[in-house]
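Here are my notes on the two ligand sites. Have the model open while you read them.

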Amino acid sequence: MIKNDFKDKINKINGRIYRSSGSEAGRLAVLKDYVALTKPSIIRLNAIAAFGGFWVASKWDIDWLLLLYMLIGSALTMASACVINNYWDRDLDKKMERTKNRALPTQRLKPTNVLIYGIALGIIGELVLFALVNPLTGWLGLLGFFVYVVIYTMWLKRTSTWSTSIGGISGAMPPVIGYCAVTGVVDEGAWILFALLFLWQPAHFWSLAIRRVEEYRAAGFPLLPVVKGIPRTKLQMQPYILLLIPTGILMFAYDYVGYTFLIISLLLGIVWLVHTFMGLRASDTTKWARTNFLISINYLMVVFLIMIADTNGMIG
Ligand code: HEM
Ligand SMILES: CC(C)=CCC/C(C)=C/CC/C(C)=C/COP(=O)(O)OP(=O)(O)O
């Protein structure tokens, strides 16, 4: 104990604020930081989407080992992308309340270590996808990684209001990876799942961006509400949600799911659309945006869980 306190002091004297991992508590805190860098709640929801894609393509005839490999490979690839996003954004993350306490902006971890960690996760994830799932899922993982890390994080997030829509291509990859792990081809089912996630994302993210518009402005991110204003952003969410609703109809029309999914996805889509529409006249925009963000998260979770339960019209 005394030895660890001494180590911490030496670190401070040397002007370093990297945390000592000598004590039990210190090691646990470092571990927590490494886990947080992977953005676990985003990976969790993305993993549900990948699982849903796999399940729908399998039509209840599940290859459990393949499912496990697909989940491990895609989760590690996504974790890698999120860690490298944290690495790249470490200076900008200092400027925002929401992100300023992360491990890199506070200098609790060394950037080089984080970069190595991110690359290692990506190499293992991609090896799992290429070797144990199929090459198509490996390429789709690489595409998702490239769009999120290079196109979104390194380029558009700092320069254009298009970051959200184009960045959505990467977020739409997980269910496609799950689906293609089974089919080995990109067919209409893969495209419908892609469309579902792609169309879901702008309203999800803009709800958050509206709530935190001043933070994003101060940090210099040219997001839609920062550049074009909140009323325009509220308006621009609507075509995405409107187009999202037919993806449920297409899933049904192509016989992937039954009536239960059709009805629930339609109802949820309509609830979200109406709530978004009401945003145009909301008196408390912050409160409205918080609810809209929560609806987005719950919409996706429920739609994918029902998709899994009602694959092939199992519920009816
Ligand atoms: C362009 C695409 C996307 C952007 C820009 C985006 C942006 C964000 C941001 C900045 C947050 C942080 C919220 C906060 O700290 O309060 C967030 C939260 C979240 N996002 Fe997204 N997101 C995108 C796509 C996705 C996708 C594809 C998923 C999953 C399928 C997802 C799931 C989540 C979840 C679950 C949260 C809540 C995290 C928490 O509570 O810690 N997002 N999103
Ligand atoms: C297959 C593959 C690798 C797909 C990638 C999927 C993926 C991780 C999508 C999530 C997109 C996302 C969290 C954007 C937020 O980043 P941000 O930088 O705006 O968030 P922040 O400000 O909280 O860091």
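1. Start with the side chain of S41: one of its N or O atoms sits 2.9 Å from an oxygen atom of ligand 1. I count a polar contact as a pair of N or O atoms within 3.5 Å; within protein, one must be able to donate a hydrogen and the other to accept it, and residues adjacent in sequence count only if both atoms are side-chain atoms. R98 also reaches an oxygen atom of ligand 1, with a polar side-chain atom at 3.2 Å.

2. Before going on, the ground rules: this is a predicted model, where local features need pLDDT of at least 70 and side-chain atom pairs count only at pLDDT 80 or more, while totals for chains, interfaces and linings use all residues. Residues are numbered from 1 along each chain as its sequence is written, chains are lettered from A and ligands numbered from 1 in the order in which they are written, and side-chain values use heavy atoms, with hydrogens and water left out.

3. Which protein atom holds the iron of ligand 1? The only protein donor is H204 (NE2), at 2.2 Å. Donors here are N, O and S atoms within 2.8 Å of the metal (3.2 Å for Na, K and Ca); water is not among the atoms, so sites may look incomplete. H204 lies in helix α10, and α10 gives the largest share of the shell around ligand 1, six residues. Helices are DSSP runs (H or I, at least four residues), numbered from the N terminus.

4. The shell around ligand 1 has 20 residues, with S41, N46, Q201, H204 and F205 coming nearest; "near" means a heavy atom within 4 Å. Domain 1 (37–186) and domain 2 (188–315) both contribute to this shell, so ligand 1 lies between them. The domain bounds come from an automatic or database domain assignment.

5. Now ligand 2: it is surrounded by 18 residues, and K39, R98, R102, Y152 and K157 are the closest.

How values were computed. Helix = DSSP H or I, 4+ residues; strand = E, 2+ residues; numbered from the N terminus.
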